[in-house]
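Please read it with the coordinates open.

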Amino acid sequence: MNGKLHIPSSTPDNTLPTLVRSAPKGGNAFKQHENAHPSMINLEDFLEKRETLCLTEGGSSAWRTITQASLEEYRVHHLYDGYPDSTKAIMAMFGGFIAKWALIWNSTNLIDLGCGIGTKTPPYVRGLLDNNLKYAGLDPLAENMERDYAFVCGRLEDLKEASLDKRFDLAVFATSLDHFEDPREALLLAGDITESGHVLIWCGLHDSPLIARIDVSDMTDRVCRENHNIISRTLGFLWYSIFTWPRVARDLRTRENKLETGQPLDKLHFSYFTESELKDLLLSIGQINEFAVCPGTNSVFVSLTVGVTTEPDPTPA
Ligand SMILES: C[S@@+](CC[C@H](N)C(=O)[O-])C[C@H]1O[C@@H](n2cnc3c(N)ncnc32)[C@H](O)[C@@H]1O
């Protein structure tokens, strides 16, 4: 069970802080604004005792609307592990990716930026955590304040208010980067709150060939499972060719048009990255150590060091 941080009576400076150290009251999806007293937070204690730390509420109304729009889905997914099987498989792969880079970088703790509303640690870190790798989640949605892990309730943009005595070793964005109003700012902040700018990202890409992969893989899977001989399978593929692929082709074109004209693809995200857009963004703020697109999906896993610039290749003579 979480410990709650206590406000020491010896730090009565009302001018500074916006840091709140108790669970919010009220039914708002975000927390209530409260004043509080600042004091230095010991990061090791915070992680070890699995404390809960509340930041004051920030963010534009557009961000609030978008962030709250997925709440019902989060309740099913995050609280009851009700993710689709395909998502669970990608989460397992992302867990391996985190474990690999935590080992390479010798990380002893991580902060999950946009961890969701689950009371248990998200599936992509479950099983990785022990005394050598400790976890904190950060999310602005003030649901389920009693969590099994150290939790910061608030936006990453407001974390700078908190006086932590140390930086984290590693920051993770798991399907959250495209939920930030300004992903560039979010990545730079992730670099600031980590000791060496070590950041891991799992993000969905919107390039048509990658989106088409998902359709191909789902449909091929279905035809093969539901049909067991060559004739029925051929008919199954034929059915998709005549009735489904034209629709997929049209949907892909519509999606491309929207991306080209800067229109949102849904009401749930601020950004819709293509592979080249994401790479350009990341390279403008740091060094990409690994950029791995998961086979059969549109998910990419990235290892990034914020603040390190890669020397351009010398121009060939
Ligand atoms: C798609 S969910 C991902 C949840 C979890 N990481 C997962 O993969 O199941 C995106 C999360 O980003 C959070 N988020 C949105 N804006 C944020 C911000 N400014 N700072 C921190 N988290 C934010 C949302 O509240 C939401 O829980």
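Is Leu-200 buried or exposed? Leu-200 is buried, because 26 other C-beta atoms lie within 10 Å; a residue counts as buried if 20 or more other C-beta atoms, placed from the backbone, lie within 10 Å of its own, as exposed if 12 or fewer do, and as partly exposed in between. The model is predicted: local features need pLDDT of at least 70, side-chain atom pairs count only at pLDDT 80 or more, and totals for chains, interfaces and linings use all residues. Residues are numbered from 1 along each chain as its sequence is written.

Leu-200 belongs to strand β7 (residues 198–204). Helices (H or I, at least four residues) and strands (E, at least two) are DSSP runs, numbered from the N terminus. Leaving aside residues up to four places away in sequence, Leu-200 touches Phe-97, Ile-98, Trp-101, Leu-170, Val-172, Val-302 and Ser-303, where contact means C-beta atoms, placed from the backbone, within 7 Å. Leu-110 is 90 residues from Leu-200 along the chain, and their C-alpha atoms are separated by 10.0 Å.

Leu-110 is part of β3. Strand β3 (residues 109–113) is mostly covered, with five of its five residues buried. Asn-109, Ile-111 and Leu-113 point one way and Leu-110 and Asp-112 the other way. In a regular strand the side chains alternate between the two faces of the sheet. The pairings of β3 are tabulated below; two strands pair if DSSP finds at least two bridges between them.

| β3 and β6 (residues 170–174) | parallel | three bridges | Ala-171 |

Strand β4 also takes part in the shell around the ligand. Of the 20 residues in that shell, Gly-114, Gly-116, Arg-155, Ala-174 and Ser-176 come nearest, a residue being near if its C-beta atom, placed from the backbone, lies within 6 Å. The elements giving two or more residues to the shell are α3 (71–80) and β4 (134–139).

Helix α7 (residues 230–260) has 31 residues, and the number buried is zero, so α7 lies largely in the open. At 1.5 Å a residue α7 should span 45 Å, and its end C-alpha atoms are 41 Å apart, which agrees; the expected span is 1.5 Å times one less than the number of residues. A kink of about 45° lies at Thr-244, shortly before the proline Pro-246, the bend being the angle between axes fitted to the seven residues ending there and the seven starting there. Just after α7, Gly-262 takes a positive phi of about 70°.

Notes. Contact = placed C-beta atoms within 7 Å.
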